[in-house]
Amino acid sequence: MLLYLDNCCFNRPYDDQTHANIFLETQAKLLIQESILTGQHQLIWSYILQFENEQNPYTAHQQEIKKWRSQASQLVCASEWIVTTAKNYERYGLHSKDALHCACAVAVNADYFITTDKQLIKKAQAIAELKTVNPLTFIQEEHFYEN
């Protein structure tokens, strides 16, 4: 199963863990990462994810997230199709970077687009080709605990 985790999902462990929901999303995200490392799922990495990570002001966080690029089974490069598709997704109210993430996920037929951004999840529901969920929903839908 192909998974696209966006930048806010990768950064969730660095957020304030005293909030229960953030803590739970972090634990779910870490479980997803473990499933990638064990080969249960495959990770997608994209040029926009790389770009956003390079803008991270916390160098240590940036370096840790960058390591996941080497775990990706697919790398998505910029293309005219992705840019055009992203512009179409902006019509749903997506910000340009979010639209690019979604277009990259669709370009390689991701099974799931995983994010912790609630507004992005709401707006991306209009994209029929993309199943957008937060990490908790993903592990619930994938029945992690039954495997």
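The legends below describe close-up views of a predicted model. Local features need pLDDT of at least 70 and side-chain atom pairs count only at pLDDT 80 or more, while totals for chains, interfaces and linings use all residues. Residues are numbered from 1 along each chain as its sequence is written, and side-chain values use heavy atoms, with hydrogens and water left out.

**View 1. Packing of helix H3 on helix H4.**
Helix H3 covers residues 47-54 and helix H4 residues 59-66; helices (H or I, at least four residues) and strands (E, at least two) are DSSP runs, numbered from the N terminus. The two helices pack at an angle of about 160°, with their axes 9 Å apart. Axes are lines fitted to C-alpha atoms, for helices over the stretch in contact, and angles run from 0 to 180 degrees between N-to-C directions. The angle makes H3 roughly antiparallel to H4 (under 35 degrees counts as roughly parallel, over 145 as roughly antiparallel, 65 to 115 as roughly perpendicular and the rest as oblique). H3 passes H4 in a left-handed crossing; a crossing is left-handed if the near helix is turned anticlockwise from the far one by less than a right angle, and right-handed if clockwise. Gln50, Asn53 and Glu54 of H3 make the contact (heavy atoms within 4.5 Å) with His61, Gln62, Ile65 and Lys66 of H4. By class, this contact of H3 with H4 has one nonpolar, four polar and two charged residues. Ala, Val, Leu, Ile, Met, Phe, Trp, Tyr, Cys and Pro count as nonpolar, Asp, Glu, Lys and Arg as charged, and the others, Gly among them, as polar.

**View 2. Packing of helix H3 on helix H6.**
H3 also packs with helix H6 (residues 96-107), at an angle of about 145° and with the axes 9 Å apart. On the H3 side, Tyr47, Ile48, Leu49, Phe51 and Glu52 meet Lys97, Leu100, His101 and Cys104 in H6. The residues of this contact of H3 with H6 divide into six nonpolar, one polar and two charged.

H5 and H6 pack at an angle of about 125°, with their axes 8 Å apart. That angle makes H5 oblique to H6, and the crossing of the two is right-handed. From H5 the contact takes in Trp81, Ile82, Val83, Thr85, Ala86 and Tyr89, and from H6 Ala99, Leu100, Cys102, Ala103, Cys104, Val106 and Ala107. By class the contact of H5 with H6 holds 12 nonpolar residues, one polar and no charged. Ala86, in helix H5 (residues 80-89), counts as buried at 1% relative accessibility. Buried means under 20% relative accessible area, exposed over 50% and partly exposed in between (1.4 Å probe, protein chains only). Leaving aside neighbours within four places in sequence, Ala86 is in contact with Ala99, Leu100 and Ala103. The C-alpha atoms of Ala86 and Lys97, 11 residues apart along the chain, are separated by 8.4 Å.

**View 3. Salt bridges around Arg12.**
The model has four salt bridges, each a side-chain nitrogen of Lys or Arg within 4 Å of a carboxyl oxygen of Asp or Glu. Arg12 is buried, with a relative accessible area of 10%. Asp15 forms a salt bridge with Arg12, the closest N and O atoms being 2.6 Å apart. Glu25 and Arg12 meet in another, at 2.7 Å from N to O. This second pair links distant parts of the chain, with Glu25 in helix H2 (residues 20-37) and Arg12 in the loop between helix H1 (7-11) and H2, 13 residues apart. Glu25 is buried at a relative accessible area of 1%, whereas Asp15 is partly exposed at 31%. Salt bridges that share partners join Arg12, Asp15 and Glu25 into one network.

**View 4. The salt bridge of Lys131 and Glu141.**
The closest N and O atoms of Lys131 and Glu141 are 3.2 Å apart in this salt bridge. Lys131 lies in the loop between helix H7 (118-124) and strand S5 (132-133) and Glu141 in helix H8 (residues 135-141), so the pair ties together parts that are 10 residues apart in sequence. Lys131 is partly exposed at 40% relative accessibility, and Glu141 is partly exposed at 30%.

**View 5. The loop residue Asn109.**
Asn109 sits in the loop between H6 and strand S4 (112-114). Asn109 has a positive phi of about 60° although it is not a glycine. Most residues other than glycine have a negative phi. At 60% relative accessibility, Asn109 counts as exposed.
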